[in-house]
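Here is a short tour of a protein chain, written for someone new to reading structures. Take a look at the picture first, then follow along.

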Amino acid sequence: MMKSFLSFALLICVALYSWVTFQPEVVSSSPVSLVGRVVDVIDGDSFKFSVDDDFYRVEMAGIDAPDIGQMFSNSSIYYLTELIDGREIRVEVFGTNDYGDIIGEVFLDQLSINRLMLTDGYAWAARDMSAGESWSGLESLARNKRLGLWRRDNPVSPWDFREEIRNSL
């Protein structure tokens, strides 16, 4: 009986200690936003921009544009350049990638440039995005209207293009 009581008391002490020391992580419901000017478009889904005296590289969330050297990459780069190069934009930051680049959604005034790249057919919806269905739906709109890269029959996705390069090495 005494052994059971001591075991029960120890269990209560551990539970109380855990409850007292537990500090839940506070997660902000609103993303961090950065406002700055685009200084260089790198490719169809990434660019450099300046905020005050700091420079950042941004990878546009939810999209995957043709890679440099891939068919239609020049059109995608040109389109993004025409939209944002030299302009003041807002980036809603979702996080960073393994290289320290900001991952985010890009806005020119209230217009989402990420979504525009999809609906006008200059990028694929990224397959690893958690909001995949809505982004894929935007890609489907462009595909059905045969806009941008969808004017061609069976364009090669960037992930398939990268796989072909890896396999050829």
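## The biggest pocket

Which elements each supply at least two residues of the lining of the largest pocket? They are β3 (54–60), β4 and α5. Those labels come from DSSP: helices are H or I runs of at least four residues, strands are E runs of at least two, and both are numbered from the N terminus. Before going further, note that this is a predicted model, in which local features need pLDDT of at least 70 and side-chain atom pairs count only at pLDDT 80 or more, while totals for chains, interfaces and linings use all residues. Residues are numbered from 1 along each chain as its sequence is written, and side-chain values use heavy atoms, with hydrogens and water left out.

Back to the pocket: its volume is about 590 Å³. On a 1 Å grid over the protein atoms alone, a pocket is an open set of points where a 1.4 Å probe fits, with protein on both sides within 12 Å along at least five of seven lines, and lining residues have an atom within 4 Å of a point. Grid points are joined across faces, edges and corners, and the volume is the space filled by probe spheres set on the points. The lining of the largest pocket is made of 22 residues, and Glu 59, Met 60, Ile 63, Asp 64 and Asp 128 lie nearest the centre. Strand β3 gives the most, with three residues.

What is the lining like by class? It has nine nonpolar, three polar and 10 charged residues. Here Ala, Val, Leu, Ile, Met, Phe, Trp, Tyr, Cys and Pro count as nonpolar, Asp, Glu, Lys and Arg as charged, and the others, Gly among them, as polar.

## The overall layout

Zooming out, the protein chain has five helices and eight strands. Read from the N terminus on, the elements go α-β-β-β-β-α-β-β-β-α-β-α-α. Of its 169 residues, 40% count as buried. Buried means under 20% relative accessible area, exposed means over 50%, and partly exposed is in between (1.4 Å probe, protein chains only).

## Salt bridges

How many salt bridges does a search of the whole structure find? The search finds nine, a salt bridge being a side-chain nitrogen of Lys or Arg within 4 Å of a carboxyl oxygen of Asp or Glu. One of them joins Arg 162 to Asp 64, with the closest N and O atoms 2.8 Å apart. Arg 162 lies in helix α5 (residues 158–168) and Asp 64 in strand β4 (residues 63–64), so this pair ties together parts that are 98 residues apart in sequence. Arg 162 is partly exposed at 29% relative accessible area, whereas Asp 64 is buried at 12%.

Arg 162 also meets Asp 67 in a salt bridge (3.0 Å, N to O). That pair links distant parts of the chain as well, since Asp 67 sits in the loop between β4 and α2 (73–84), 95 residues from Arg 162. Asp 67 counts as buried, at 17% relative accessibility.

Glu 139 is buried at 3% relative accessibility, while Arg 143 is partly exposed at 37%.

## Rings and charges

Now for the aromatic rings: the count comes to six aromatic pairs. Rings of Phe, Tyr and Trp (its six-membered ring) pair if their centres lie within 6.5 Å; planes under 30 degrees apart count as stacked, over 60 as edge-to-face and the rest as tilted. The rings of Phe 49 and Tyr 56 have centres 6.1 Å apart and planes at 45°, so they are a tilted pair. Phe 49 is buried at 0%, and Tyr 56 is partly exposed at 28%. Ring pairs join Phe 47, Phe 49 and Tyr 56 into a cluster.

Charges can sit over rings too (NZ of Lys or CZ of Arg within 6 Å of the ring centre and within 35 degrees of the ring normal). The charged end of Arg 90 sits over the ring of Phe 107, 4.4 Å from its centre. Likewise, the charged end of Arg 115 sits over the ring of Trp 135, at 4.5 Å from the centre.
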